[in-house]
Structures are given as structure tokens and as C-alpha cells.
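The report below describes how the parts of one protein chain pack against each other. Please read it alongside the sequence and the model.

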Amino acid sequence: MWRDTAQGYGIVSRVLHWLLAIVIVVLFALGWWMVGLDYTSAYYNLAPAWHEAIGILVLLAMTLRVGWRIANTKPDSDHLTLFEQRASVLMHWALYAVIFAVLISGYLISTADGRAIEIFGPLRVPSLIYAPGIESLSGKIHRILSYVTIGLAGLHTGAALKHHFVDRDPTLSRMWRGAKHH
């Protein structure tokens, strides 16, 4: 089943969720590693180019993910307490907002001087805002919010594991296997 239902998540939501989760952790690790490189490293230019290109692809995938979430039925959350339901909604939208802020600040770091971002060769994302000098502020925002993203993702993961192993409810299995078929 492609679309989400009241019983669980469809294949599109599940693939986007897990793919983005993995790629965002990889981008965080790549960013953390690349800031320690010096100009003598063979990866000094390559690592940031990959980080930028993958970041643009994540921006596209996140836009698709949020659009898909808005356009689909949300699986029932009757098995959750009212607090858990509200916390879940807050967590998801906070994660989306922070991830978009990280991606936009990263875009500004790379394009504030008017330079386009190359995506693995001939594809280029142009600079939309020429604002030399904001790279430093954008970099600070990008770094701080990257850590916030990983922290929120850790809380999200912890909550999913708690629901699965302690509460033994379908929260995690619906994102892993989708809706139960009878």
C-alpha cells in the first residue's frame, strides 16, 4: 500500500522516513568529520561538495516528506495517552522545522557569496540570496541546529523504542512494516 491509512504508514512514508533518518545521521557525521580537515587533506574540497550536494537532495526529500504527510491520513494514535499524542505531534513538527532550518542555513553558508551549489556534476542549485558576510552567522546556526536535530532524533528514537519494548504498542512496527493486514 502506497498511502498512509488509519492502521499504519504506506511504503512512501516508510521509505522516506528511514532513508532520511539514515542520510541525516550520515550528513551529521560527514559535517563533524570534515570541519577537522586541513587544506592538505585529499578530502578538503570533496567532503564539503558532497555534504552540500547531499544536503540539497535532503531538502528535496524533506519537502516531499512533509507534503506527503500533509496529504495523507495520519495513522490512529488511540493507543497513546493524550500527553503522548500531543508530544508526538510537537516532536514531529519540531524535527521538521529544525531540519529545514539546518538545510536552509547550510544553503546560505554555501551560496551567500553568489556561488551555486553543484549536485554531483552538471546540476546546479543557484544562489537565490546574495548576502556576503552572513556565512559566519549561518555557520553558527547550522552547527547548533545540527546538534539539536541529532538530539531531537535521539529523543524520537528513544520514544519509539519505549513504545515498542515497554508499552508493546504498534507505534514502531507501523513505521517499520506498515499497517497490519488481516
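## Core and helix packing

Ile99 touches Ile24, Met62 and Thr149, residues up to four places away in sequence not being counted, where contact means heavy atoms within 4.5 Å. The model is a predicted one, in which local features need pLDDT of at least 70 and side-chain atom pairs count only at pLDDT 80 or more, while totals for chains, interfaces and linings use all residues. Residues are numbered from 1 along each chain as its sequence is written, and side-chain values use heavy atoms, with hydrogens and water left out.

Ile99 also belongs to the largest nonpolar core, which has 16 residues and in which Leu20, Val58, Met62 and Ile99 touch the most other members. Such a core is a set of buried Ala, Val, Leu, Ile, Met, Phe, Trp, Tyr and Cys residues joined through side-chain atoms within 4.5 Å, and buried means under 20% relative accessible area with a 1.4 Å probe and protein chains only. Helix 1 (11-34), helix 2 (46-71) and helix 3 each supply at least two residues of this core, and helix 3 gives the most, with seven residues. Apart from this core lies another of six residues, among them Ala53, Tyr107, Leu108 and Ile119. Of the 182 residues of the protein, 38% count as buried.

The protein contains five helices and two strands, these being DSSP runs numbered from the N terminus (H or I, at least four residues, for helices; E, at least two, for strands). Two of the helix pairs are set out below, with axes fitted to C-alpha atoms over the stretch in contact and angles running from 0 to 180 degrees between N-to-C directions.

| Helix pair | Angle between axes | Distance between axes |
|---|---|---|
| Helix 3 (residues 82-111) and helix 4 (residues 135-166) | about 150 degrees | 8 Å |
| Helix 1 and helix 4 | about 140 degrees | 11 Å |

The angle of about 150 degrees makes helix 3 roughly antiparallel to helix 4, whereas the angle of about 140 degrees makes helix 1 oblique to helix 4; angles under 35 degrees count as roughly parallel, over 145 as roughly antiparallel, 65 to 115 as roughly perpendicular and the rest as oblique.

The contact between helix 1 and helix 4 is made by His17, Ile24, Val25, Phe28 and Trp32 of helix 1 and by Ser146, Tyr147, Thr149, Ile150 and His156 of helix 4.

Key: Buried means under 20% relative accessible area, exposed over 50%, partly exposed in between (1.4 Å probe, protein chains only).
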